[in-house]
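Q: Could you take me through how some of the helices pack here?

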Amino acid sequence: MAIKYGRPIEPANHFPLEAPAGRTPPGLDLVHRPRRTRRTDWARRLVRENTLTVDDLIWPIFIVDGEKTRVPVASMPGVERLSVDEAVKEAERAAALKIPVLALFPYTDPARRSEGAEEALNPDNLVNTAMRAIKAAVPDIGLLADVALDPYTSHGHDGLIQDGIILNDETVEMLVNQSLVQAEAGADIIAPSDMMDGRIGAIRAGLDAAGFQDVSIMAYSAKYASAFYGPFRDAVGSKSTLTGDKRTYQMDPGNGNEAIKETELDIAEGADMVMVKPGMPYLDIVWRVKETFGLPTYAYQVSGEYAMIVAAAQNGWLDGEKAMMESLLCFKRAGADGILTYFAPRVAEKLAKG
């Protein structure tokens, strides 16, 4: 007599009462044995629900002044700030690896930062110069341009400030103009990361009026006021300039329903794609956004997430390669259509090797 759920039960008539010769009778009378499909590599691959491919990757890179220049970012081991010519080389590498999109962020010389972020509107600033150079060398790679003022402000905030208050509508006007110079320079995707109210609709209207109807918008719809951005701020040079914090415009980490509202507004205003940032601490938000709206949904595996994995691997506390791949697969399981990750070239190389 078998034991099932703590109670004795009689064997079902359709089960053999005697084990085949040479076999030991099973200890449990189970109809379902889920381990059968985990027993071998081919079986695991056959039933795998989610897979990671190179098509899921967006590679963020940092641009710096100079030529033949690569400046390591100390808090992001393996990541460098690149001069425009070096960025072109990495774009060629990305194209060879079939990475679909690069996301560009500038390290702006402090001398060109200002209260009014005028450098954001300079057609020849670092990002715009890099986009033109990359498009000339690798015309088929996608370019995502971050739209926000924090790389250009002397105070490190994403918006214009008056009497200590972030000005929403005045900032949105600046963001529209920033988007236009980026589109002119070759941006395929405009990605507003500022979290000002109404900026998606204003940018969409501005792009359309200027003849850039084919330029997409990926909205940072649920961007949280997170502690995980520290290394990124090192990379773009805003950590030392930031005064106060960004909690009056970035989202409270305790809120989930608010993310749905923000995303709904961005979609209504014309977003083609939406993003959740940070990534792994907010996989529940990725899931909810994708399930609710079905729009292409992306997650940003931010600098702090990257740095934690790399640091733990360097200390021998975990297998860095496995943790890297597992972390990105988890984004796909949560519903993300793609991931912005500094691991992109390493992952692409690994995937290419099978």
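Q: How do the axes of helix 2 and helix 3 cross, and at what angle?
A: In this predicted model, the axis of helix 2 (residues 84-97) comes within 9 Å of that of helix 3 (residues 126-137), and the two cross at roughly 45 degrees. That makes helix 2 oblique to helix 3.

Q: Is that crossing left-handed or right-handed?
A: The crossing of helix 2 and helix 3 is right-handed.

Q: Which residues meet there?
A: From helix 2, V84, A87, V88, A91 and E92 take part, and they meet L126, T129, A130, A133, I134 and A137 of helix 3. Sorted by class, the contact between helix 2 and helix 3 has nine nonpolar residues, one polar and one charged.

Q: While we're on helix 2, what about E86, buried or exposed?
A: E86, which lies in helix 2, is buried, because its relative accessible area is 6% and the cut-off for buried is under 20%.

Q: And what does E86 touch?
A: Leaving aside residues up to four places away in sequence, E86 touches K68, T69 and R70.

Q: Switching topic, how do helix 4 and helix 5 pack?
A: Helix 4 (residues 168-185) packs on helix 5 (residues 199-209) at an angle of about 40 degrees, and their axes are 9 Å apart. That makes helix 4 oblique to helix 5, and helix 4 passes helix 5 in a right-handed crossing.

Q: Which side chains are involved, by name and by class?
A: V172, L175, V176, S179, L180 and A183 in helix 4 are in contact with R199, A202, I203, G206 and L207 in helix 5. By class, this contact of helix 4 with helix 5 has eight nonpolar, two polar and one charged residues.

Q: Now helix 8: which residues are buried there?
A: In helix 8 (residues 283-293), the buried residues are L283, I285, V286 and V289.

Q: Why do they line one face?
A: Looking down the axis of helix 8, the buried residues fall within an arc of 160 degrees, so they line one face of the helix. As background, an α-helix has 3.6 residues a turn, so residues three or four places apart point the same way.

Q: What do those buried residues pack against?
A: The buried residues of helix 8 pack against strand 11 (216-223), helix 7 (257-268), strand 12 (273-277), strand 13 (297-301) and helix 10 (320-333).

Q: And what comes just after helix 8?
A: Just after helix 8 there is G294, which takes a positive phi of about 75 degrees.

Notes:
Residues numbered from 1 in each chain as written. Predicted model: local features only at pLDDT ≥ 70, side-chain atom pairs only at ≥ 80, totals over all residues. Heavy atoms only, no water. Axes fitted to C-alpha atoms, helices over the stretch in contact; angles between N-to-C directions. Helix = DSSP H or I, 4+ residues; strand = E, 2+ residues; numbered from the N terminus. Parallel < 35°, antiparallel > 145°, perpendicular 65-115°, else oblique. Left-handed = near helix turned anticlockwise from the far one by under 90°. Contact = heavy atoms within 4.5 Å. Nonpolar A, V, L, I, M, F, W, Y, C, P; charged D, E, K, R; others polar. Buried < 20%, exposed > 50% of the residue type's maximum accessible area, 1.4 Å probe, protein only. Arc of directions from axis to C-beta.
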